Amino acid sequence: MLDELTRKIDGALKKIRGQGKLTEANISDALREIRRALLDADVNYKVAKRFVARVKEKSLGAEVMRSITPSQLITKHIHDELTELLGGEAAELRLNASGATAILVVGLQGSGKTTFSGKLAKRLKERGGKPGLVACDVYRPAAIEQLKKLGESIDVPVLTSDEKDPRRIATSAPAFAKERKLDALIYDTAGRLHVDEEMMAEVADIKAIVDPNETLFVVDSMTGQDAVNSAKAFNERVDYDGVVLTKLDGDSRGGCALSIREVVGKPIKFASVGETLDALEPFHPDRLASRILDRGDVVTFVEKAQAHADELESEELEEKLRKNAFDFEDFLKQIKVIKKMGSLSSILAMIPGASKLGAAADVDDDALVKVEAIVNSMTREERREPKLLNGSRRKRIARGSGSTIQDVNRLLKRFKEMKRMMGGIAKSGLPKTFPKGPSPF
Amino acid sequence: MNPFKNVNFEKLKRGLTKSRKRLAAGVAEALTGKATIDEETMEELEEALISADIGFDVVERTLENTRSRLANQADRGEGAALKAVRKELAAQLERAGATADYEPALASHKPFVILVVGVNGAGKTTTVGKLARNFKRAGKSVIVGAADTYRAAANEQLEVWAERAEVDVLGMAPGSDPSAVAYRTVETAKREGIDVAIVDTAGRLHTKANLMSELGKIGRAVAKLEPTAPHETFLVVDGGAGQNAVQQAERFSEATPLTGLIVAKLDGTAKGGALFRICDALDIPVRYVGVGEGIEDLQNFDPRLFVEALFNE
Ligand SMILES: Nc1nc2c(ncn2[C@@H]2O[C@H](COP(=O)(O)OP(=O)(O)OP(=O)(O)O)[C@@H](O)[C@H]2O)c(=O)[nH]1
Ligand SMILES: Nc1nc2c(ncn2[C@@H]2O[C@H](COP(=O)(O)OP(=O)(O)O)[C@@H](O)[C@H]2O)c(=O)[nH]1
Ligand SMILES: [Mg+2]
Ligand SMILES: [Mg+2]
């Protein structure tokens with residue numbers, strides 16, 4: 001059983017040798033895959049290309065610790081850049097200190113504007129505010145009725161009117177606020193296409209009339225490549241302050257958010273995650289970054305390896321490896337680090353390629369426990385000097401660790417082979433395998 | 001009888017002009033001055049196609065097939081290359097059964113029951129209004145059922161459409177069981193000898209198991225009255241949708257058998273390219289496209305025209 005395991009793990013580990021520094025050559029495959037992942041996540045073609053090129057430029061030459069591969073490191077870099085780009089400056093709503101705060105909600109048809117308007121009203125109200133809603137969608141059948149019902153459900157006044165021109169409704173809103181002593185007005189507007197000149201002129205007019213503290217552009221997170229076009233066009237006409245991403249309760253990867261962030265540079269302020277009015281969340285850049293990139297396992301693995309870098313690649317250990325003086329004491333330390341990083345199977349599961357080899361699927365953590373038990377049953381002297389391990393000592397160790405003498409023999413044999421291999425690698429100057437410890441299973 | 005035959009395609013063409021321009025520009029850029037199609041050209045073509053939401057898999061396959069098609073012919077210039085790509089793309093849509101002259105077999109069943117499903121905000125209710133209007137204009141009697149009992153004022157929205165289309169509408173109180181609405185819509189159609197019953201449903205994300213199983217229930221409720229119904233179940237997809245549309249389609253088809261697709265909002269700059277992957281995955285045809293918010297803005301889907309419109313200036 002240990003043999004089988006060794007074969008599999010060896011195969012997996014061969015794949016994950018560190019290679020010094022990030023170079024064009026050692027990350028090109030990974031970058032191609034990442035670009036593909038971004039496109040599958042609906043990141044705009046040009047944006048994906050530009051973004052990947054930029055991170056690559058920044059990353060070339062970066063040190064790769066021996067425990068991870070260049071592919072893994074560049075994936076982590078991409079993830080971090082993505083998080084940073086999506087996050088940026090704090091994205092709080094600007095409230096009006098003096099008069100009533102005005103918030104204008106705009107976007108394409110069906111993106112979720114009306115629902116979001118209701119959610120925001122509820123939120124402001126819960127925080128002690130006195131918000132009102134203004135129904136400026138005079139086009140879609142029953143749009144006004146929809147907002148009215150939402151307002152009723154949260155006991156927030158809604159300004160409605162038979163007026164055919166939303167500009168005039170907007171004009172009358174401040175009086176409504178004054179009369180009702182409201183401290184915030186949320187203007188829900190009709191959905192419109194960015195190529196509809198008349199409608200875009202209308203929304204620009206509404207903005208001029210309302211002079212909002214915040215204009216929010218509402219985007220369906222399932223939007224594809226075209227997101228950049230609408231986001232740009234709306235930005236040119238109403239210069240919005242922030243973006244609301246809706247329908248994130250689905251399983252779309254939400255790449256359009258990256259496209260929009262990159263192209264118009266406006267912060268994402270809210271995430272809408274359901275149809276009910278309480279399904280509104282502040283935006284979490286890191287979560288969305290993981291969702292877009294879909295390489296969470298690799299990122300986690302790199303983070304763990306980096307967090308345990310001191311233990312995994314200590315000077316002392318390097319030295320021992322170089323001198324081929326690696327013993328069971330070091331081995332035990334490595335097992336402990338691995339256990340801290342998570343179970344062996346979980347670590348293997350994070351290694352790209354390992355699953356293909358079937359290693360991750362079959363590795364059972366009991367094997368690790370067993371090996372650890374064997375090593376633990378050795379005395380300190382034996383760990384430092386495996387040559388001491390004669391027949392009677394082996395018998396004692398087998399008994400002490402609840403394993404068979406064969407298990408102990410196999411482990412010792414493997415350990416010797418591994419040392420021979422490491423010696424060779426150390427001499428030829430090639431990087432060693434990771435995790436150095438558990439190879440001898 | 002084809003209720004949409006008399007609609008000319010100018011509007012679709014106009015609607016697609018912007019998208020077409022960009023795609024055509026991309027392709028022309030890719031091919032200008034080059035006698036044969038080379039790697040760089042292919043990459044630019046890839047950009048043009050991916051920017052249309054066609055999706056990596058389909059683009060790769062299309063370009064691969066195009067390449068081998070071209071390899072066997074003498075003329076590998078710009079014209080030939082474009083033609084090959086077009087042919088290949090149209091073939092993919094046609095393989096899934098799309099034809100420009102589709103007409104629902106309204107006469108085959110009475111009532112002919114149509115179920116309209118899709119994610120939130122895709123354009124279902126508007127499409128129901130448009131369908132109702134067109135069937136009505138073709139001389140059929142129509143009833144629409146407001147089985148979106150969830151969204152605020154969904155009833156009222158459909159009522160307005162029914163009024164515009166001059167057809168009957170059946171609604172129940174908000175919060176009612178949607179399958180009861182569907183049932184009663186078909187029941188009313190039967191009782192009153194109405195030709196077509198169209199059931200509008202609430203938008204739902206395909207990831208919500210309980211809402212998806214509700215769809216199956218609606219289908220079964222209808223089948224209780226009419227064992228062959230629903231006769232068509234259309235999934236409405238937002239033309240601006242990205243690759244997630246494929247997951248949508250797959251999950252919806254598991255919840256209730258789909259017979260066709262309707263792509264809405266193609267009057268913007270979005271190109272609706274996600275439908276290629278859907279057609280491929282589910283092997284169901286695109287039937288109509290929505291090209292505006294007006295009641296007339298629904299057209300038969302013509303695969304060749306659609307592909308042509310993507311490319312031609
Ligand atoms: N699952 C889910 N559904 C949402 C979310 N936000 C809005 N919706 C739904 O999406 C659909 C459209 O939402 P609306 O708020 O009416 O969108 P709108 O932008 O006002 O639409 P128009 O006014 O028609 O342009 C409705 O069915 C909503 O219930 C969300 O975050 N998650
Ligand atoms: N421009 C455009 N807008 C559309 C089209 N179809 C629907 N809409 C709009 O998209 C929004 C959502 O449509 P609706 O029918 O309510 O979607 P549902 O939630 O799926 O029922 C509404 O504002 C419609 O007016 C279309 O083909 N073109
Ligand atoms: Mg609305
Ligand atoms: Mg609807």
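**Stop 1: strand β1 of chain A**

Strands (E, at least two residues) and helices (H or I, at least four) are DSSP runs, numbered from the N terminus.

A note before moving on: this is a predicted model, where local features need pLDDT of at least 70 and side-chain atom pairs count only at pLDDT 80 or more, while totals for chains, interfaces and linings use all residues. Residues are numbered from 1 along each chain as its sequence is written, and chains are lettered from A and ligands numbered from 1 in the order in which they are written.

**Stop 2: the sheet**

Two strands pair if DSSP finds at least two bridges between them. Strands of a sheet pair through backbone hydrogen bonds, either parallel or antiparallel.

- Show β4(A), residues 184-189. It runs parallel to β1(A), with five bridges between them. Find Val105(A): opposite stands Asp188(A).
- Show β5(A), residues 214-220. Five bridges pair it with β1(A), again in the parallel sense. Ile103(A) has Glu214(A) as its bridge partner there.
- Show β2(A), residues 131-136. Six bridges join it to β4(A), and the two run parallel. Cys136(A) has Thr189(A) as its bridge partner in β4(A).

Zoom out. What is the order of the strands in the open sheet? In chain A the eight strands are ordered β3-β2-β4-β1-β5-β6-β7-β8, with mixed pairing. The edges are β3 (158-159) and β8 (280-282) of chain A, each pairing on one side only.

**Stop 3: Lys207(A)**

Select Lys207(A). It sits in helix α8 of chain A, residues 197-210. Is Lys207(A) buried or exposed? It has 21 C-beta neighbours inside 10 Å, so it counts as buried. Leaving out residues up to four places away in sequence, Lys207(A) touches Leu104(A), Pro212(A), Thr215(A) and Val238(A). A contact means C-beta atoms, placed from the backbone, within 7 Å. Then find Asp239(A): it is 32 residues from Lys207(A) along the chain, and their C-alpha atoms are separated by 9.5 Å.

**Stop 4: ligand 1**

Turn to ligand 1. It lies between chains A and B. There are 25 residues around ligand 1, and Gly112(A), Thr114(A), Thr115(A), Gly191(A) and Asn120(B) come nearest. A residue is near a molecule if its C-beta atom, placed from the backbone, lies within 6 Å of it. Select helix α5 of chain A, residues 113-126: it gives the most to this shell, three residues. Colour the shell around ligand 1 by class: four nonpolar, 14 polar and seven charged residues. Nonpolar means Ala, Val, Leu, Ile, Met, Phe, Trp, Tyr, Cys and Pro; charged means Asp, Glu, Lys and Arg; the others, Gly among them, are polar.

**Stop 5: ligand 2**

Next, ligand 2. Residues from chains A and B surround it, so this site is shared between chains. The shell has 22 residues, and the closest are Gln109(A), Gly110(A), Gly123(B), Lys124(B) and Gly290(B). Helix α5 of chain B, residues 124-137, gives the most, with three residues.

**Stop 6: where the chains meet**

Show chains A and B together. In all, 32 residues of chain A are in contact with 31 residues of chain B. On the chain A side, α2 (24-40) and α6 (143-154) are the elements that give two or more residues. The largest share, four residues, comes from α6(A).

**Stop 7: the cores**

Last, select Val134(A), Ala132(B) and Ile198(B). They touch the most other members of the largest nonpolar core, which has 184 residues. Domain 2 (21-62 + 68-91 + 285-294) and domain 3 (101-282) of chain A both give residues to this core, so it lies between them; these bounds come from an automatic or database domain assignment. A nonpolar core is a set of buried Ala, Val, Leu, Ile, Met, Phe, Trp, Tyr and Cys residues joined through C-beta atoms within 7 Å. A second, separate core has 15 residues, including Phe331(A), Val371(A), Val375(A) and Met378(A).

Notes. A residue is buried if 20 or more other C-beta atoms lie within 10 Å of its own, exposed if 12 or fewer, and partly exposed in between; C-beta atoms are placed from the backbone. Two residues are in contact if their C-beta atoms, placed from the backbone, lie within 7 Å.
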